[in-house]
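Hi,

Here is the structure I promised to pass on. Have a look first, and my notes follow below.

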Amino acid sequence: MTSFITRRKLLTERQEALLEAIRAALEALRAALKRFGVDVAPNDARILNDVITNLDELFLLVVAGEYNSGKSSFINALLGAPVVAEGVTPTTDRITVLRYGDVPSETVRGALLVEHRFPADVVRHMAIVDTPGTNAIIKRHEELTRDFIPRADLVLFVTSASQPFSASERAFLELIRDWGKKVVIVVNKADLLDEAGLAEVVTFVGTHAEDLFGVRPEIFAISSRLARQARDSNDQALWDASRFPAIEQYISNTLDEEQRVRLKLLSPLGVAHRLAERYLVAIEDRLMSLRDDVAAIENIERQLAQFRSDLTDDFQRHQADIANILNEFELRGMQFFDDTISISNLFNLARRQQEISDAFAHEIVADVPQQIEARLQGLIDWMVEKNLRMWQGVIDYLRRERAVQQRSGLIGEIGGTFEYNRNALIESVAREAEKVVASYDREAEAQALTEEVRAAIASSTLVGAGAVGIGALLVLLLHGALFDVTGVLVAGLLAIGGLYIIPNKRRQIKRQFHQRVADLRETLAATMERQFNAELDRMITRIRDAIDPYTRFVYTQHDHLLTIQRELSDAEAEISRLQAEVERS
């Protein structure tokens, strides 16, 4: 097989350099798409591989058009012999590649590809491809042609003069345009119209083609039927009437070696540019999804920050309430000492020590432990309830995000696995959060937190309280604030100088009582703050751990896609540069 490699001697040094630069750009694009992973459409991967392989093949002229437009008859007229089958119904069900051969032959290259060799000069320096007709009842025929178009170096599109540039033809020409292919239009069956009618058709086709491609492509009006008859009968007048000499001249002479090399270099760049653009759009779409995901994660983080702020504010209010309870306890205690430890009460101090102690317990301590315990229990219950609502909020938010972000704008086959993994992960996180909510036992959570607070208070105050509750523990602590008033005012001390000692002892006891209450207030506040901060951190960590798979996926994918985006953008820029350079050559 004559290949493009064996014809390198016909390339200039500059063309050789361009060819290698194009090969490198295509390889870079292939590497970038490989990073994209399994979501690269199978056809796209195959097309790019074919394009890279075809760099070293002969120039490929692909003949396309709707069935019954006269594609096969045109090829036979061009070759001067009935090499490919003709008919009014779809006859071509495979890709047929026509190459030069000293003797006619046919080789089946696959289930959908057959190669004909024929001794015609027109195929000495190029391969001509006959494709199944488009817009046929057999949809597989059109799929074969669509799949083969990216390999073409030039597309010769055949339309019928009796029904030129139909809506379905326009749609197929859009596909050819999108792959960056050069197109030549052949208006076949010109013998069905008179000169005026044919001129009108050519103008109609040219106008619509220019609107589609931006430039007016070459258009040739011909009659393949008359051309075949002229060749068979060697009738020059009929040959001229067929208008076939113009298209033959174009293919044989205008499409010379230099022009074929130029188109051969431009063709893969057009395909590569289309693929790069396509996947850049897909990546941008994914990045938009991930930006929504990042916003969702940031929203959850804001909710967690608000959760922390709300609990901290409420904790401080409860802490202030407890401090006020202890302040009032201290004031009552001070007044009790003023009333009790006095010269006028000497007799009672000496004789009624138990009554004084009981009076302190009932009048001063009173229900202070229960008030503090109630404040603590209220905070614990509120914290547990807030934690449950936070979990429910995360579930609802993830569910809403999953519903909103069922995106439908992804391109073709691109993106399916990404979207599936992403949505499955969101769903999995939401399900895990639901399990937490479903198994959430408010009473058990509150009881566990209460026990942790009780143990922390007992540990911080060095009170061996055993298994008593918070209230009983606080009773022990507050009773400890009553010093042995009667013990310090022993009878011997009173006998020596009670009138002078009593005021001093009262001031000493009040100072000690104030310090004892201050220490208790500080210890209780520090213990509560330490314990509640630890519990708050634990609650938030559990939520973060639950959504961590989703968070990792989002940020990992985001970085990965940015890397591919840079590589594809670099490849696209290089492809565009090479296109401009080839165009200038």
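Which residues in α1 meet which residues in α2? From α1 come Arg23, Leu26, Glu27, Leu29, Arg30 and Leu33, and from α2 come Leu48, Asn49, Val51 and Ile52 (contact means heavy atoms within 4.5 Å). By class, that contact has six nonpolar, one polar and three charged residues (nonpolar is Ala, Val, Leu, Ile, Met, Phe, Trp, Tyr, Cys and Pro; charged is Asp, Glu, Lys and Arg; polar is the others, Gly among them).

Before you go on: this is a predicted model, with local features needing pLDDT of at least 70 and side-chain atom pairs counting only at pLDDT 80 or more, while totals for chains, interfaces and linings use all residues. Numbering runs from 1 along each chain as its sequence is written, and side-chain values use heavy atoms, leaving out hydrogens and water.

Helix α3 covers residues 71-79 (helices are DSSP runs of H or I, at least four residues, numbered from the N terminus). Nine of its nine residues are buried, so α3 is largely enclosed by the rest of the structure (buried means under 20% relative accessible area with a 1.4 Å probe, protein chains only). Among them are Lys71, Phe74 and Leu79. After α3 comes Gly80, with a positive phi near 80 degrees.

The largest nonpolar core has 117 residues, and Leu29 and Leu568 touch the most other members (a core is a set of buried Ala, Val, Leu, Ile, Met, Phe, Trp, Tyr and Cys residues joined through side-chain atoms within 4.5 Å). Helix α10 (residues 257-340) gives the most to this core, with 29 residues. Beyond four places in sequence, Leu568 is in contact with Leu29, Ala32, Leu33, Tyr279, Leu280 and Ile283.

Cheers

Definitions and conventions. Helix = DSSP H or I, 4+ residues; strand = E, 2+ residues; numbered from the N terminus. Buried < 20%, exposed > 50% of the residue type's maximum accessible area, 1.4 Å probe, protein only.
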